[in-house]
Amino acid sequence: MNKPNNGTVRNWINGVWTDHAGPTIDVINPATGQVVTSQPDSSAEQVDSAVSAARSAFSSWRTVNPSVRAQHLHAIADQVALRIDELATAVTIEMGKPLDEARGEARKLVAALHFYAEEATRLRGSIVPNADDGFSSLVEYEPIGVVAAIAPWNYPLELIGWKLGAGLAAGCTMVIKPSEYSPGSGLLLAECVAATELPAGVVNMITGAGQTGQALTQHGDIDKIAFTGSGATGAAIARGVAKATSLSMELGGSCPLIVTETADLTEAVRGTLRRAFRNAGQICISINRGYVHTDVYDDYLAALAEGATRLVVADGLQTPNADVGPVVNQEIFDRTTAHIADAVQRGARVIAGGGPISDLAPGLFLQPTVLADTDQDMLIMHEETFGPVIGIARYTDLDEAISQANSTSAGLAAYGFCRDLGQTFTLSKQLDFGNVAINNVDAGIINAPYGGRKGSGFGVEHGREAIDGYLHVKHTRIRHGA
Ligand code: NDP
């Protein structure tokens with residue numbers, strides 16, 4: 001293996017860190033505005049090399065015994081575990097997540113890779129009874145082929161890792177494109193893979209922006225695309241595929257919270273603060289909008305505003321245990337302030353925060369913001385903000401609150417707080433979302449399926465079910481005469 005990054009991100013194709021003579025793209029630390037590294041803006045030819053490497057590696061990797069694939073995944077996990085601080089630091093300086101939170105992400109990646117290592121050994125098929133004597137039908141699962149994995153910057157390690165874990169467990173080979181905002185942490189993860197005995201070409205990683213993703217997803221030799229990102233890009237990818245290609249898409253959304261009059265308000269407020277402001281609200285399952293019963297509305301709001309005001313906003317490299325870092329880029333900064341302005345102009349009250357923290361400029365820092373008395377027409381209540389802001393509306397009738405929660409095109413995650421059993425099951429059954437969390441705000445756990453519906457996409461990550469998306473099913477009918 002030749003020497004990797006040296007401060008500048010390089011592509012990793014067919015087990016080799018490739019030199020790049022073409023254009024590059026800078027990566028900016030959103031907490032300081034300073035350039036931290038640069039990355040190749042990979043061309044269609046470089047994409048083609050990566051896909052060819054993955055195709056050629058597939059012919060042997062697909063037949064590797066699952067227990068050996070499991071050993072490879074355990075080995076990658078072990079390499080990640082050795083480099084938690086380095087990986088976390090790269091995440092923090094590229095996308096702004098406070099260091100302690102980034103360390104948590106890296107540790108969860110280790111757990112995810114071990115999980116998929118174990119699942120690799122549990123893949124099995126079935127034997128189906130035949131109506132005719134002397135026949136047997138075998139149903140088996142085989143790897144789908146070469147996977148294009150495009151991951152975003154908000155969880156730059158885990159969102160690559162889930163695809164990598166499920167894909168390798170299934171026996172697929174991969175071309176991974178990290179986000180152009182977080183290529184350094186992506187390539188450190190590639191270094192962890194490179195430090196194992198995984199055969200060359202099974203995993204490849206390339207960077208770029210503008211045409212690289214398109215060249216990859218429109219390449220004629222890709223068998224599956226696993227994408228996490230915006231709905232608009234997901235739709236563009238689906239329109240542009242070169243041939244019939246398996247797709248899985250996690251496209252985020254606008255996640256609602258319902259707090260009923262029976263809720264434990266302390267828990268509801270604690271949960272809201274965690275799930276609205278963690279990662280500066282840049283999570284596809286962030287709570288964007290709340291519907292709170294009129295009997296508890298004022299008490300809930302007062303406690304939420306107080307909690308939001310107490311959150312520590314800082315450069316998470318200097319203050320590793322900060323609650324909130326900067327947002328990743330100017331686009332999100334501007335959209336968040338625009339959503340706040342839209343709500344205020346339409347009659348919402350700002351009860352915490354309200355806008356940029358100018359003392360921390362040019363860092364892209366925003367105050368954790370709570371908007372009260374919102375209505376469904378406000379952008380904050382139906383569009384994804386992806387910033388540290390939440391809108392709260394009052395309700396009197398639970399069915400009406402559920403109907404408003406379901407009224408957008410989003411279907412990824414919804415939350416409820418209540419202590420009444422009937423309300424619990426009403427929320428569980430009637431919220432039209434792929435993930436519903438009640439009396440907690442951690443909808444995603446590694447061993448249960450996690451996916452959206454409606455405009456939030458299709459297919460799942462997490463759980464044994466995620467591996468299904470990387471497998472073909474094969475029926476073999478044998479006439480043996482016995
Ligand atoms: P995008 O959805 O714009 O995706 C960017 C990635 O997709 C890049 O790797 C890009 O590569 C690739 N891409 C873009 N166009 C195409 C195409 N036509 N075909 C194939 N690949 C393509 O995400 P951003 O990171 O820019 O975030 C934008 C917004 O998306 C955020 O503000 C947020 O609202 C949402 N988001 C949602 C997330 C979620 O978890 N669901 C995660 C992150 C963001 P290239 O430019 O090389 O083509």
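Here is a short chat about the ligand and its surroundings.

Reply: First, this is a predicted model, where local features need pLDDT of at least 70, side-chain atom pairs count only at pLDDT 80 or more, and totals for chains, interfaces and linings use all residues. Residues are numbered from 1 along each chain as its sequence is written, and side-chain values use heavy atoms, with hydrogens and water left out.

Me: How many residues surround the ligand, and which are closest?

Reply: A residue counts as near if one of its heavy atoms lies within 4 Å. Here 29 residues surround the ligand, with Trp-153, Lys-177, Gly-210, Ser-230 and Arg-335 the closest.

Me: Which helix gives the largest share of that shell?

Reply: Helices (H or I, at least four residues) and strands (E, at least two) are DSSP runs, numbered from the N terminus. Helix H7 gives the largest share, 4 residues. Helix H7 (212-217) and strand E10 (224-228) are among the elements that each supply at least two residues.

Me: Why does the ligand lie between two domains?

Reply: Domain bounds come from an automatic or database domain assignment. Domain 1 (11-251 + 456-475) and domain 2 (255-445) both give residues to the shell, so the ligand lies between them.

Me: What about polar contacts?

Reply: Look for a pair of N or O atoms within 3.5 Å. A polar side-chain atom of Glu-384 is 3.1 Å from a ligand oxygen atom.

Notes: A polar contact is a pair of N or O atoms within 3.5 Å; within protein, one must be able to donate a hydrogen and the other to accept it, and residues adjacent in sequence count only if both atoms are side-chain atoms.
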